[in-house]
Amino acid sequence: MCEYCPQKLLLEAYSRKSKVYQMSFSTFKACVDKLPEDVHIIFCGMSEPWLNPDCAKMILYSHKKGHQISVDTTLVGIKQSDIDVIAPVRFEYFTIHLPSAEGYEKIAVDKNYLDLLESVKNKLKPAMFYFHFYGKKLHPKISMPEAKHIALYSRSGNIKIKGKALPKRKEDNIYCARGLHWNIILPNGDILLCSADYRMKHILGNLLTSDYDSLFSGECFDAVKKGFKDKSADILCRYCERYAIELRRDWDSNPGSQFPRTTH
């Protein structure tokens with residue numbers, strides 16, 4: 001429930017559709033088994049991955065299936081035993097969202113947290129380590145010169161940031177810098193278009209009941225693609241301040257064809 005992550009919007013939207021609030025390992029396995037091997041699996045999405053007690057087990061399974069694996073985490077919920085379990089995994093990247101001085105993250109920066117942070121740094125060997133924090137300053141108990149500040153953004157208008165106006169609607173032709181392949185899987189198997197869709201506006205399908213490729217040939221995905229050129233289309237992308245790129249000319253391309261496929 002970090003202040004800059006609109007969890008309440010997601011919970012309200014999701015609870016109207018499903019009561020499955022924690023993904024079981026069997027559901028995870030069934031979904032991963034349908035993913036092509038070239039799909040990069042990132043453990044982050046719209047909540048903290050280690051609030052699921054099977055997170056480390058899920059990472060190992062994905063790794064054994066041959067997928068590229070990455071992680072975005074606050075470390076909330078992780079245990080020393082989890083760190084030992086995932087230590088052999090060669091992560092593409094491992095990102096830790098550190099507590100800010102402003103306390104946006106509501107994380108207790110105590111000895112246990114600091115020990116876990118140190119253990120992750122020492123035991124894991126990802127291709128790339130990232131340490132980020134929101135807010136103006138890093139928490140005073142954490143000394144990490146390599147930590148980088150990240151500017152807050154509204155998740156396509158889903159949250160109001162103090163001192164910042166909500167993003168204006170993009171009126172020109174647009175395309176997605178992530179190629180529409182930054183998709184989110186929810187505990188019940190539903191696939192959302194991207195990590196900004198906290199109101200669940202664009203549900204591509206359900207991976208428990210369909211195959212992976214059909215998610216990108218269905219009515220919802222089609223409507224989003226057409227909305228890139230249809231200026232009247234009611235799509236979330238037209239409010240995206242980070243990845244929706246405006247084009248002031250007509251275009252005719254296949255968005256996503258040249259981008260790696262990613263599931264969160």
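Visitor: Before we look around this predicted model, what does contact mean here?

Guide: Happy to start there! Two residues are in contact when they have heavy atoms within 4.5 Å.

Visitor: Thanks! Leaving aside its neighbours within four places in sequence, which residues is Asp72 in contact with?

Guide: Start by finding Asp72 in strand 2, which covers residues 69-73. We skip the neighbours within four places in sequence. The contacts of Asp72 are then Ile42, Phe43, Cys44, Pro49, Tyr93, Thr95 and His97.

Visitor: Is Asp72 buried or exposed?

Guide: Buried means under 20% relative accessible area. Asp72 has a relative accessible area of 16%, so Asp72 is buried.

Visitor: What separates the C-alpha atoms of Asp72 and Tyr93?

Guide: Along the chain, Asp72 and Tyr93 are 21 residues apart. Their side chains make a polar contact of 3.3 Å, and the side chains of Asp72 and His97 are also joined by a polar contact. As for the C-alpha atoms of Asp72 and Tyr93, their separation is 8.5 Å.

Visitor: Where is Leu75, and what is its phi?

Guide: Look in the loop between strand 2 and helix 4 (80-86) for Leu75. Most residues other than glycine have a negative phi. Leu75 is not a glycine, yet its phi is positive, at about 75°.

Visitor: Is Arg155 buried or exposed?

Guide: Arg155 sits in the loop between strand 5 (148-149) and strand 6 (173-176). Arg155 is not a glycine either, and has a positive phi of about 55°. Its relative accessible area is 8%, which is under 20%, so Arg155 is buried.

Conventions. Residues are numbered from 1 along each chain as its sequence is written. This is a predicted model: local features need pLDDT of at least 70, side-chain atom pairs count only at pLDDT 80 or more; totals for chains, interfaces and linings use all residues. Side-chain values use heavy atoms; hydrogens and water are left out. Helices (H or I, at least four residues) and strands (E, at least two) are DSSP runs, numbered from the N terminus. Buried means under 20% relative accessible area, exposed over 50%, partly exposed in between (1.4 Å probe, protein chains only). A polar contact is a pair of N or O atoms within 3.5 Å; within protein, one must be able to donate a hydrogen and the other to accept it, and residues adjacent in sequence count only if both atoms are side-chain atoms.
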